[in-house]
Structures are given as structure tokens and as C-alpha cells.
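Student: I have not seen this structure before. Please show it to me, and then I will ask about it piece by piece.

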Amino acid sequence: MNTPKNLKYSKTHEWVEFVGADTVKIGLTDFAQQKLGKLVFVNLPLVGDELLIDEPLGDVESVKAVSDVLSPVNGTVTDVNEELLDSPGMINDDPYGAWLVLVKVNITSDNDDLLTAEGYEAFCAEEE
Amino acid sequence: MGHYISITDEQKKEMLDAIGLSSLEELYDAAPSHLIKKNGLNIPHGMSELETLRTMEALAAKNKVFPTIFRGAGAYRHYIPAIVSAVATKETFVTAYTPYQSEISQGILQSIFEYQTMICQLTGMDVSNASVYDGATAAAEATAMCRERKRTKTLVSATAHPDVIAVMQTYCWAANAEIILIPEKDGLIDAGSLHDMLDETVACVYLAQPNYYGLIEDAPAIGQLTHEAGAKFIIGINPIAAACLKTPAESGADIAVGEGQPLGMPLSFGGPYLGFMAATSAMMRKLPGRIVGETTDSEGNRAFVLTLQAREQHIRREKASSNICSNQALCATTAAVYMAAMGPEGIKNAAVQSLSKAHYMASKISEIAGFSLRYKGEFFHEFVTECPLDTEKLMSALEEKGILGGLPLSGGGILWCATEMNTKDEIDSLISVLREVKSK
Amino acid sequence: MKLLFEKSIQGRSSCYLPECDLPVVELSANLTREKSALLPQLSENDVSRHYSELEKRAYGVNDGFYPLGSCTMKYNPKINEKIASLDGFTGIHPLQPESTVRGCIAVLSAAEKLLCEITGMDAMTLQPAAGAHGEFTGMLLIKKYHEKRGEGNNRTTVIIPDSAHGTNPATAAMCGMTVVSIPSGEDGCVDIEKLRQAVGEDTAGLMLTNPNTLGIFDKNILEITKIVHDAGGLVYYDGANLNAIMGVIRPGDMGFDCIHLNLHKTFSTPHGGGGPGSGAVGCKAFLAPYLPMPHITINGGQPTLQADCPESIGKVKAFYGNFLVVVRALSYVLTLGKEGIPDAAMYAVLSANYLKKRLSEKYIMAFDGLCMHEFVMTLEREAKESGVRALDIAKALLDKGIHPPTMYFPLIVHEALMAEPTETEGKEMLDEAADIFLAVYDEAMKDPEKIHSLPLTTPIRRPDEVEAARNPRLRWNPDVQ
């Protein structure tokens, strides 16, 4: 399982990358894409949408299932990765390159619950 | 007592022995005993097949089958080629389940895929689903496709079929969404009122084409008004008329729906009928219900499957946009056979004949004093005339001659219909009877 | 196999209509379509052969064993087809004067009455066109009930067990309600404590099926309905599993306020490859005024259509429902009658238990003990140990000429296969089927790798569903090869 060290992780299998002072990229982890199987569609939020921690920001579809993507932060969506609408399989092929949303976060202290790469790997091992 | 049970008494005993019971009643031991219906149901004893047939034939005999029909209003008598029922009664098509196991259901899946294609060809739209219950529920489901966060209001033309409006109202009430009637003017949608009603809360506008009175609306103009306000345009069409009229696609529709009964289904006292739904590719994933798609199998052969299932209730559950599970599969296949057998020329012919006979009939009826045409607009195969007589007496007089006359409208007047099934002689007989009744 | 469009030949047609005996009228150019519909051009021979070939590539109850759990694929009597094709039913316009459709109204009235007696309800509508449509209608009765009592804005929650069919929560959402999911016990039965915690002043109702989706009869049913009623909510019965209890136990006696039935399951009307069905909805007297209109009332000793229904929820379909489907169901109920209806249920339960007993030799059951009309097997252990999944067993069965059981439902059982033989199979068919199931299991355990490539003898191999969903091709396109 691939777990880049420079990212933070949520217990619901999203990764978070800080790309600016108050901007983050969010995507799904390798663990998640393996469990979900081949993805066929992604439902993304709209630019301007408000996100709340642990609330669904969108969902991903495989042939026989739908899974919510839960927001690991509070914030406002500033950009969505529209490429995923035509090629959802990118999440399977390159989970850490296929970002879902770009979010301007409100308060950075909320992100203390996020796990480091080591913490996330340990968490996943427990889940198995 | 009638039954379809194959298990003999001897087999029953063997089966009970195998599971360690001595009577069928013991199978229900887990249930509270006072719930078991001890004295049996208060319904008649069962019957042999012959008795059931006689009973049902007697009920059928209490209905009058009119040899001549001049009534439409949402259910139309067209000629159904014999091949249509020959195919629609094929036992495997009749007794098959939904094609979830695609490897043994290619026949069903392909026939639905062909149906979807033909609906696209008829309407000009990009995608179609595998059908829904009827034209009215199709219209209601279409409004749900258009609702989003800020736009939740539906505007429906008052010139749509009353049952379509009623079903749309029930579905919108269910979803706590607003639905408002667009007033009519001279039998057509009042574009001026529509213009005033459109704002940024409107999700969609529904227009019937032809409308309930048989009149042909200026769909492209209504479509343009709708889009300028940022709302979606839904057109409900008659599939036979679609062979002649500007298509929903050509009129700018985002969604095309309609009642498919004219495509090979008999009148059947209202059902089962067929709701078709077609949309632009942009709206594809919002379509409710089943959709068949083409793919390949592991050896590269063409294969059909139910696809985009993640939209549906069995996967999305409370997040599904609709709870719809069944389509009207056998009716969709019926429509496909009809369209395949009639072909583009055949359907156009049925449409042109319906149009022509209706116009002849309209001109002859309106020659009778008091039976003037109510509206001035161009019509397809239905039209409204005034009626100077007591409509009940008139309909009775027609009934005696085996004629089902036009539908008396609640506000007065009669909605007449002609199809390719009505001969010139039939229409001329109608005129004589009308003149005769009038003169009394 | 080619599509109709690929068999189309320019200029080919049939002749079904006479020449028009009146002058042809043309519409104004601005009203007519610019491009003709590109429908295929075929001869009747083409069409006839095409559909015969399609029929060979399909599988119906008529072709063999069809133990699809929760679908009740019982035998579809041919007499019902004959009756439904009588001119006196097919040739009737829905808007004919009432005096000319006494037979049709009598059919609807008789069906309503018989179904009410079978289910313990006071009133019924035959307007919904399918089970999900019936669920929608039934939940709207409940919505209306609370609105009339001024509680429409606060009673907006529907409690649904997690073992429920997906249509249940989807229906609640369509009615503007939010879903509260309560966990089922291991036997699929309602967790009474969790139910007590879930009900409150916001409860509109509970949606339940009994027996549940694991085929188990929930013996706490009277307590369950009482808990919901005491909290001010109503209880809705999903009638999908009625074949287990019809004529033996009635939903009305279990405390349910409204129900839906699947005429195309329990009452033998054929599935048609996915419809048309009919979803009759019944209710207790206090909900009857809300039923969709028109109502059928008895006037002067004769059933009549009552359009003046001021408290009705409106209409859920144009006209009166899938009438010809109701005709079939009525014929079936008349044929079976007082003794035949409960007999069908009891033999359905006997068949399921017998098949379960035979399959228990190798297959792990989700729940031990007596089942009702269906039972659930689980391949969870096999999936972990050898990679053989429910899907693989199902595909292997296809090669043996049997329709597989329902896969992956209910969701609370992993790698589920749900089987429902129905009452219309003989013991020898059940034995033959059981032998096949057991043989498939043995073959799978002997060579787990091989099973992933099955089926081999069907018209197609396993289709690429991922590709179908990622790049949807939903119609034939003339420009695409």
C-alpha cells in the first residue's frame, strides 16, 4: 500500500495536501481505491460549496456500489478536478495524483485530527 | 379447487419427513398462534380453469366494445399489426425476469437497447431509458430530474392532459416542491404569462405537444423563453405525431417524455401503457430507472448489460433520485416491434392519415350549426368543437350506432379524435347521426 | 447477433394500412420535423426472425427453475393470458361512459375486495403500476394522514431496517422524508431496543416486511407495530414477501396500517422481462379517503367510479392502473380461492425449507432453523478461503441451465445468495436443482480458479460492466462501427 509521507490522512480514507497557507487538495487513498474497485463515476461538489468535517462532499461509484467521500476539513470549494468526470479510473491508477477538490480551509486547528502517513498505515492495518 | 402446485401428497410427506415436521401448519410455529387465520379467508372457493374462464368472460361481456371510436384524450386506437402481439406473447419474453444476469438475458437486453435507440430516433434526443410506467409518471419523473438546490419550482402548461397534471402535482407535493400551472390562451400555452412566471427559482417548464386540445404549440419559442431564464425544457409528445412534428430535439428540449401506448398497445381500459423518457447527453445520469448499455464480454463479443446502476434505488437507496425499480419491459418491446414492423414510412403514414382524417372530420362537423371549432390554431389528430346539444343525449345516440363519440369536456364542448382506423364512411356516418340528433 | 438497425435495408417495408381514403393534409413547414426518423427499414420476415432469435437468447419461468429470492417467480398460468386478451377487456377505452364499462369496474372492485380480505385491509387501490410505485403511494397516504392532523412539518422521519430492499429508503426520500436506519439482528429481525430509541415525535412511520428479507418471520411483530403506534407513527407493510403467508396470516392482523402488494410476484402475473407489474395498495378505513382517485364505491348495489374525492392524494398514474395485469391477478385469485390461496403459501414455505435442507449439506446458511418462503446462503467463508464468491456460484449455475438465486441481497449478509423456489415446483425439480447446486459447489472447491471464467456455454461470457459504466453506449449509432 502506497502512503506518501508528505500528506495527511483521515480515518475515512481521504488524503489532504496543503498547497498554500490556507488551501488544501483532497483525494482518495490507495487503500480506498483498492477497496472500492474500479470506479466508474465521480459526483463532485460545486465551486463555492461549503464543506463540513465528516460530512459528504461527494461520492464515487463503482459498478455495484456508491461510497460517500467525507470531507476531512471545514472550508469552501475553490476548484474541482473536472478531468475525473470523464476519467474516474484515474483515481484507481494514480490515487495521489487524482485530486478531487481544492478547498480554502476556515480554521487550521480543526486539522489536528488528521493522521500522519505512519499513523494512517497503522490505522489501516488495524482495520484489516 | 384450482391450483398450480406440482407437489403430490406423497411428495409432501417425503418433504415434511426430510425437514422433521408432520404437517404444513407446523411451518408457521414461529409466528404468534393467534395470528394464524384458523377459519380461513372469507372468499369464494376456488374454481376450475373452465369456471374461471366463464366468470371472466361474463365480466368482459358487460363491457361495450365500440366498433367505431372517435375519442382520444390520452388513449388512442391505432392499427396494431399482427406481428406485434405475436412477438409480445412469446412465452420467454412474457415469463422472464429483469435481465440482471446478462449472460442469459441478451435477448431481453438487446430488445430494450433497440427500443432505446428507436426512442432516440423518434425524438431526436441523445439517450433514452428503458421506460417508466406511463406518460404521466414520465412527466413527473422528468421534473425531479430538473430540480436542484436553488431551482425547485415546476411550471406546467394548463394545456397538458389533466391526468398528467394531476400526477405531476402529486409527485411534486410528495417531494415538497412547488408546481404552478401556466395559464392557457385560446387553447395554447400563454407565452406572455410564462414569461412573467419565469425566474431563478424555476427548475423546469413542461409543455404538451400536441396539447390536450390537439393543438400544436410553438415549442421552439417556449423552449427559448425557458432557457433564457436558465430553466430546463421538458416536452411531452405523442409518439405517432412525432413522425410529422418538429422533434423535441429540434424544439430545444432538454427532456422528452410521452405516452407510448399508441405504439402497438391496445386501449385496455388504461393500462398497461408505456412511459418513455429521453434526454440530452448532459442529463444522461439524471435519468431514472433502468438503462441498457452496450459493452463487450471477455472474448470481445458484443454484449448488453443494465448499466449506470449506481443511479438506482437498489444501490443508492435514500440517495436515489427515484425509487423506480420496474420498467414496462414487455410494453417497451411491444413498442419496438411496432416501430420495427411499421418502419419510418409506416409510422409516418399512420400519422399523416390520422392528421388528414381528423381535418376532414373537423371541417364536416363544424359545418353543422352550433358545432363550430373552438380554437383557431393548427391541430394534429384531435380538435375541440362546441356542442349545442345535451352531450349525454348525443353520446347515447352515437352509442346506439356503435360509435364512441368525442370526449365531452368539463367546461362544455367536445374533444374529437380521428386515427388511421377511421374510414371516410365512418366519419360520414358520424356526421349523419350528428345532423339527425340535431334536427330532433 | 445483429441489431435491427444493422439488418435494415433502404426501401424495405411492409404494407399494413390501406391507402388514405381522404385528401392528405400537410402541416405548415415550420411545424414539421426537419429530419425523418432513422427507424430501421425491414420486412415482416426480418422482424419475425429477429425476435425469434432474441427469444432463444433469453430465459423465462417457462424455460426452467428460477429460484430468485424476493421475486416469487411462480408459474404464470396461461389461462390468465387468454383472459387478458379478450376483446371485451383490450378494446375498452378508459374514458368510455360508465354504463359501457361495468365489466371493467366490476373487475377492479372484485380484485379490491378479494385482496382486502386476503390482507386484512379495509380499502384498496389498483392504480400503482409496480411495487415501488405502490410503496410511493402507501407512504403518501401516511404523509397525508400526518398533514391532516397538522403534523406534516414535524413527522418527517421514516424508520427502515437495514435489511430492507433499496426501494424502501428511496421511496421515503421521494416523499420528502428522512430515513432512520435501524440495525437488524443476525436473523434479520427488528432490534426492539433500537426501535424504541428511534421512535419519537418526528416519526412518520416504519416500513417493514414480514417475513423479513432473510426469510424469517419476525415473531415480535405485534410489539413492533405497537411501539410505532404508541409514538404516533403509522406502520407500512412491504408486501414483497406475501407469498409466505397469504391466506395464513394477514398484514392487517399484524397491526399494519397500509400495505402494497406485488401482483407480479405473489399473484402470478408474469414479469415480462422487467414489467409491466402492478402494485396494489391497501389500507385501513381511516386512510381510505386519501387513496388515489377515482375511488370505486358501491352505488345502488353496483360498483361505480367516484371522481369526487376531496381528500385524495391525487393520482399516481393516468387512468386506473395496469388494468390487464389486474385482470390476470383476479383470474388467479378466483381460480385458487379460499383453499388455494393459503395452500400456495404453505407449499411455498415447504419447498423453501426442503431446498434449504438439501443445500445445507454443503452451503452455509445465513440463519439456521425453519425459514419462510425463501432463505439466504452465504459464501463469505469460501470467498475468504478460496476466492469463490456468490457471483461465481451464480455464473456456474448459468452453465447448468438454472437461473441463479438473487445475489448480494440482503446487504446485511456478505456474499449472499437468496433462493425462493415457490410453490409451483415439484419435489423432483427441487431435488434436481439441489443436485446441481451441490455439484457446482464441489466443482468450485476443487478448482477455484476455473470458476472465475464461467459461464462458458451461454450466448456471451462475463460482460465488462466497468467499461459499460465508464463509457456508456446507450443506443446504436449509425456513425459508429
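Student: How many helices and strands are there in chain C?
Tutor: This is a predicted model, in which local features need pLDDT of at least 70, side-chain atom pairs count only at pLDDT 80 or more, and totals for chains, interfaces and linings use all residues. Residues are numbered from 1 along each chain as its sequence is written, with chains lettered from A and ligands numbered from 1 in the order in which they are written. Helices (H or I, at least four residues) and strands (E, at least two) are DSSP runs, numbered from the N terminus. On that basis chain C has 15 helices and 13 strands.

Student: What is the mean pLDDT of chain C?
Tutor: pLDDT is the predictor's confidence in each residue, from 0 to 100. In chain C, 100% of the residues reach 70 or more, and the mean is 95.

Student: Why does the radius of gyration of chain C agree with a compact globule?
Tutor: The radius is taken over C-alpha atoms, and the globule rule is 2.2 Å times the number of residues to the power 0.38. For 481 residues the rule gives a value near 23 Å, which agrees with the radius of chain C, 25 Å.

Student: Which residues of helix 7 of chain C are buried?
Tutor: A residue is buried if 20 or more other C-beta atoms, placed from the backbone, lie within 10 Å of its own; with 12 or fewer it is exposed, and in between partly exposed. Of the 481 residues of chain C, 62% count as buried. Helix 7 (residues 167–174) is mostly covered, with eight of its eight residues buried. They are Thr167(C), Asn168(C), Pro169(C), Ala170(C), Thr171(C), Ala172(C), Ala173(C) and Met174(C).

Student: Which residues of chain C are in contact with Val337(B)?
Tutor: Two residues are in contact if their C-beta atoms, placed from the backbone, lie within 7 Å. Leaving aside neighbours within four places in sequence, the partners of Val337(B) include Ile83(B), Val84(B) and Gly264(B). From chain C they are Val47(C) and Tyr51(C).

Student: How do the residues of the side of chain C that touches chain B divide by class?
Tutor: The contact takes 166 residues from chain C and 168 residues from chain B. Helix 10 of chain C supplies the largest share of the chain C side, 21 residues. Ala, Val, Leu, Ile, Met, Phe, Trp, Tyr, Cys and Pro count as nonpolar, Asp, Glu, Lys and Arg as charged, and the others, Gly among them, as polar. The division is 92 nonpolar, 42 polar and 32 charged.

Student: How far apart do the C-alpha centres of domain 2 and domain 3 of chain C lie?
Tutor: Domain bounds come from an automatic or database domain assignment. For chain C the assignment gives domain 1 (1–17 + 39–57), domain 2 (79–335) and domain 3 (339–466). In chain C, 21 residues of domain 2 are in contact with 21 residues of domain 3. The C-alpha centres of domain 2 and domain 3 of chain C are separated by 30 Å.
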